[in-house]
Amino acid sequence: MTKQIRQLDRVVIRFAGDSGDGMQLTGDRFTSETAQLGNDISTLPNFPAEIRAPAGTLPGVSSFQVHFADYDILTPGDAPNVLVAMNPAALKANLADLPRGADIIVNTDEFTKRNLAKVGYQASPLDDDSLDGYVVHPVALTSMTVGALADQQVSKKDAERAKNMFALGLLSWMYSRPYESTLRFLERKFAKRPELVAANVAAFRAGWNFGETTDSFSVRYEVKPAKMVPGTYRNITGNAALSLGLVAAGVRSGLPVFLGAYPITPASDILHELSKHKRFGIVTMQAEDEIAAVGAALGASYGGALGVTTTSGPGVALKSETISLAVALELPLVIVDVQRAGPSTGMPTKTEQADLNMALYGRHGEAPVAVIAPKSPSDCFHAAIEAARIALTYRTPVLLLSDNYVANGSEPWLLPDVESLPDLRVEFATAPNGDDGTFLPYLRDPQTLARPWAIPGTPGLEHRIGGLEKADKTGDISYDPANHDFMVRTRAARIEAIPVPDVEVEDPDGNARLLVLGWGSTYGPIGAACRRLRQRGLPVAQAHLRHLAPMPANLGEVLRSYDRVVIPEMNLGQLAQVIRGKYLVDAIGYNQVRGLPFTATELETMLEEVLKNV
Amino acid sequence: MSEPVALKLTAKDFKSDQEVRWCPGCGDYAILAAVQQFMPELNIPRERIVFVSGIGCSSRFPYYMNTYGLHSIHGRAPAIATGLSVSRPDLSVWVVTGDGDALSIGGNHLIHALRRNVNLKILLFNNRIYGLTKGQYSPTSEVGKITKSTPAGSADAPFNPLSLALGAEASFVGRTIDSDRKHLQSVLRAAAEHQGSAFVEIYQNCNIFNDGAFDQLKEPATRDDFLIRLEHGQPITFGAEGRFCVVHPPGGFGLEVRETASVRPEEIVVHDATVADPAYAFALSRLPGLDLSNTPIGVFRSVDRPSYDSVVQAQVEEAKAKVTETPEQQLAGLLGSGDTWTIL
């Protein structure tokens with residue numbers, strides 16, 4: 001039968017199922033196929049903290065949303081155009097996010113009395129009018145997969161498990177995706193079990209062929225490649241990009257990277273990734289606790305390595321005393337906080353930006369550190385290098401504030417030319433620096449205010465440092481009041497003096513009177529909302545902070561040149577408070593802490609309201 | 001490594017220019033002098049020696065050593081030293097700690113350093129009291145200890161540091177006493193020669209807050225009957241003319257002290273620090289009574305086990321050995337790995 005082909009400029013698909021249904025993998029593969037085609041992409045995985053929550057229940061629903069378009073996009077999309085629901089729980093958990101008219105592909109095999117009852121459906125929503133207004137495609141995914149694999153040498157259980165590949169095949173057909181990379185992926189994944197390669201490939205093809213032959217799907221869609229900067233791309237998550245940034249920092253500094261880490265969601269992937277790259281001289285240590293992880297990293301920095309520790313909010317709290325020691329020792333240290341919803345254990349797999357105050361102020365004494373935050377998954381690569389650059393050049397702890405949204409979300413990444421990455425080489429102290437031939441461990445470089453990095457093993461520079469207050473220059477223990485005052489001010493001044501790029505303002509028409517200021521992972525939703533407003537003729541300017549300590553030198557001037565400043569944050573107004581305090585600007589906060597990123601729509605609506613009063 | 005050259009260092013070379021500020025009469029002075037005098041024996045250049053400490057009286061130690069030194073934070077010295085040692089196998093890394101630092105706030109790091117067998121020499125100065133905070137009971141204080149924080153007597157049972165270290169399967173465990181310089185240096189020597197974690201408990205007198213805690217082990221009138229001097233390969237006897245001995249009673253789990261005259265010579269345990277099962281050294285660590293009678297000193301255990309540092313470095317070296325590209329080429333390859341696409 002001939003299918004109609006329809007062109008679209010953008011599509012948002014959400015794959016949803018039980019945590020054991022392989023939805024993350026399905027979404028990941030669809031994303032990879034889409035990347036191969038050349039669409040711009042943004043993804044958002046959403047999964048429970050439980051490894052296997054009770055099957056078929058609402059808390060066990062795992063989903064993966066992918067937004068792809070023939071133009072450059074900034075977010076994983078507000079509302080799905082298509083929902084793939086592998087069971088009643090997946091349908092119920094996601095239906096509210098769907099606009100009327102959306103396509104719903106349901107696995108009818110799972111709509112049993114028992115499964116319906118588990119999530120409180122009295123009757124099957126497929127049989128009553130509750131899905132009126134949606135385009136429902138009932139597909140017996142499980143039984144058709146099992147049927148298609150009847151000739152395969154696999155158990156019924158393995159055949160049933162391949163149903164996600166059937167779904168992927170169907171969606172790949174529906175959106176005309178190139179699937180060679182998926183076939184290659186299956187061969188790699190099941191290299192040791194050829195019968196599973198065959199079964200999954202067969203399931204994928206069965207899904208594709210089903211789309212082509214069934215009457216249930218009369219339209220096939222195409223989304224043309226986006227116009228993107230020429231070059232080689234890969235799709236990358238924030239955690240992967242951040243890991244590669246740390247590898248790159250090691251290469252560009254010529255120093256061994258030492259990662260001390262304790263497993264914690266959502267940061268563990270960085271430990272996993274860096275553990276694979278020993279050939280770069282990277283040492284990873286899974287420490288006994290968060291404190292040991294940062295302690296070992298600091299010990300390694302003392303010995304001349306690039307010491308790094310990766311964690312999430314609860315871990316940063318535990319590391320705080322050691323970070324203060326690093327402030328006193330003035331040694332390089334990179335602390336990565338992949339933020340999650342708190343306080344306490346909070347919602348470990350959900351996103352939030354509520355560790356900004358902790359990053360800026362969460363230590364005892366006056367203990368300033370540099371703080372930076374990546375704005376998107378691929379930006380995590382460059383942010384990691386920037387964190388390393390500041391740590392190495394200015395001999396300071398640097399807090400890198402990622403969050404679950406950028407860490408697990410993905411987007412296309414234009415691969416950088418290695419030679420174009422910053423040169424991070426450092427010079428260790430090799431000779432005494434005092435007039436009388438002595439070594440002064442706290443004699444500062446007049447430019448950077450950094451003290452010499454004199455690593456053990458250097459003859460003639462034997463010296464003792466510690467957490468006790470040190471005398472200027474000599475580093476000897478000092479309780480002198482004036483010296484302490486001087487050292488406290490110097491530690492503050494040396495962070496303030498770190499040169500960071502000016503904040504750039506995006507105001508294409510140059511006539512905006514409203515500025516939206518963001519930081520970290522809100523860049524995408526804010527950017528998308530601003531674009532929509534501008535398309536509707538409503539001028540609005542966007543500025544985004546990557547450096548939160550020190551802040552860009554031009555920020556005050558930028559803030560004061562607008563009538564109104566709005567600061568959307570996934571916290572209760574932490575940056576807004578800093579901005580108000582530091583610049584005396586009457587910024588308005590817009591705050592949501594739902595564990596989910598902002599949607600562009602809600603920001604658009606909010607900003608439109610604000611504009612009425614500007 | 002090139003041929004070792006005799007460095008001809010002396011104790012004086014290991015004295016820093018800092019004024020030593022422990023209380024007059026503190027046992028730490030004797031330990032410092034013994035360590036400074038012992039260090040030249042290592043024939044390691046001063047710049048390759050690092051002392052790392054935590055917080056407490058003992059943790060001021062690094063300031064007085066003319067080596068590299070890091071006075072860190074409470075309890076964390078083993079963790080910090082682990083990062084240093086693992087990333088710099090060329091260094092000789094020593095941890096100086098106390099009973100509160102190592103066994104209370106830093107207990108977790110201590111046991112994990114020992115189980116990993118990190119190449120650290122850990123000297124625990126045990127004075128069974130908190131000195132720097134002015135006299136609270138410590139995790140090694142005896143039950144019922146009356147201090148400022150326990151006016152009615154402490155209610156909790158103490159750790160036996162050696163039992164704890166052995167429970168963590170430390171590959172080297174020893175004990176010595178601040179006032180016996182010769183013995184202290186003999187244990188340091190054995191510790192320094194050991195590859196992996198060496199844990200040494202040093203009984204140290206705090207003459208301000210817990211004076212005389214170890215007097216029975218020091219007074220000429222009592223020490224010979226109280227101290228069991230362990231010597232590898234020798235039957236364990238002690239007291240005047242060896243009138244006591246250590247036996248392994250049939251049917252029992254541990255070791256016991258008997259009058260030598262009451263047992264057959266072959267029943268006397270011959271000390272073997274290399275016994276693989278830590279149960280033997282553990283039994284030795286359980287011999288002392290509450291009054292410090294039957295206190296073994298010397299090397300309890302010294303067994304060969306790969307150090308964490310060596311295993312980690314071997315993995316890195318093995319991975320690096322396969323590399324033929326420059327780091328930049330490797331990086332370019334890594335960045336471009338996985339599914340990529342090109343836009344022209």
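**Sheets, helices and the chain contact**

Modeller: I shall begin with one strand pair: S18(A) and strand S20 (residues 541–545) of chain A pair in the antiparallel sense, over 2 bridges. In this pair A:Val505 stands opposite A:Ala543 in S20(A). Please keep in mind that this is a predicted model.

Biologist: What is the strand order in the open sheet of 5 strands?

Modeller: The order is S18-S20-S19-S22-S23 in chain A, and the pairing is mixed. Strand S18 (505–506) and strand S23 (588–591) of chain A are the edge strands, each pairing on one side only.

Biologist: Which strands does helix H20 of chain A lie across?

Modeller: Helix H20 (residues 600–612) of chain A lies across strand S19 (514–519), strand S22 (564–569) and S23 of chain A. The helix runs at about 160° to S22(A).

Biologist: And what is the strand order in the open sheet of 7 strands?

Modeller: That sheet, also in chain A, has the order S11-S10-S12-S13-S15-S14-S21, with mixed pairing. Its edge strands are strand S11 (283–286) and strand S21 (547–549) of chain A, and each of these pairs on one side only. From one strand to the next, the twist averages 20°.

Biologist: Do S14 and S15 of chain A run parallel or antiparallel?

Modeller: They run parallel: 3 bridges join strand S14 (residues 370–372) of chain A to strand S15 (residues 397–403) of chain A. A:Val371 stands opposite A:Leu399 in S15(A).

Biologist: Which strands does helix H9 of chain A lie across?

Modeller: Helix H9 (residues 238–253) of chain A lies across strand S10 (257–261), strand S12 (306–311), strand S13 (333–339) and S15 of chain A. Its direction is at about 170° to S12(A).

Biologist: On to helix packing. At what angle do H1 and H6 of chain A pack?

Modeller: Helix H1 (residues 23–37) of chain A and helix H6 (residues 163–174) of chain A pack at about 30°, and their axes are 10 Å apart. H1(A) is therefore roughly parallel to H6(A), the limit for that term being under 35 degrees. The crossing of the two helices, H1(A) and H6(A), is right-handed.

Biologist: Which residues of H1(A) and H6(A) meet?

Modeller: From H1(A) they are A:Met23, A:Leu25, A:Thr26, A:Arg29, A:Phe30 and A:Glu33; from H6(A) they are A:Asn164, A:Ala167, A:Leu168, A:Leu171 and A:Ser172. By class, this contact of H1(A) with H6(A) has 6 nonpolar, 3 polar and 2 charged residues.

Biologist: How do H4 and H8 of chain A pack?

Modeller: Helix H4 (residues 141–148) of chain A and helix H8 (residues 194–213) of chain A pack at an angle of about 120°, with their axes 9 Å apart. H4(A) and H8(A) are therefore oblique to each other. The crossing of H4(A) with H8(A) is right-handed. A:Met144, A:Thr145 and A:Ala148 of H4(A) make the contact with A:Ala202, A:Ala203, A:Ala206 and A:Phe210 of H8(A). The residues of this contact of H4(A) with H8(A) divide into 6 nonpolar, 1 polar and no charged.

Biologist: How many residues does each chain give to the contact between chain A and chain B?

Modeller: Chain B gives 53 residues and chain A gives 55 residues. On the side of chain B that touches chain A, the elements giving two or more residues are strand S2 (68–71), helix H2 (77–87), helix H4 (107–116), helix H9 (308–321), helix H10 (327–335) and strand S12 (340–343) of chain B. H2(B) supplies the largest share of that side, 8 residues. The residues on the side of chain B that touches chain A comprise 25 nonpolar, 18 polar and 10 charged.

Biologist: Which strand of chain A is joined to S12(B)?

Modeller: Strand S9 (residues 231–237) of chain A is joined to S12(B) by 4 bridges, and the two run antiparallel. A:Gly231 stands opposite B:Ile343 in S12(B).

Methods
Residues are numbered from 1 along each chain as its sequence is written. Chains are lettered from A and ligands numbered from 1 in the order in which they are written. This is a predicted model: local features need pLDDT of at least 70, side-chain atom pairs count only at pLDDT 80 or more; totals for chains, interfaces and linings use all residues. Two residues are in contact if their C-beta atoms, placed from the backbone, lie within 7 Å. Ala, Val, Leu, Ile, Met, Phe, Trp, Tyr, Cys and Pro count as nonpolar, Asp, Glu, Lys and Arg as charged, and the others, Gly among them, as polar. Two strands pair if DSSP finds at least two bridges between them. Axes are lines fitted to C-alpha atoms, for helices over the stretch in contact, and angles run from 0 to 180 degrees between N-to-C directions. Angles under 35 degrees count as roughly parallel, over 145 as roughly antiparallel, 65 to 115 as roughly perpendicular and the rest as oblique. A crossing is left-handed if the near helix is turned anticlockwise from the far one by less than a right angle, and right-handed if clockwise.
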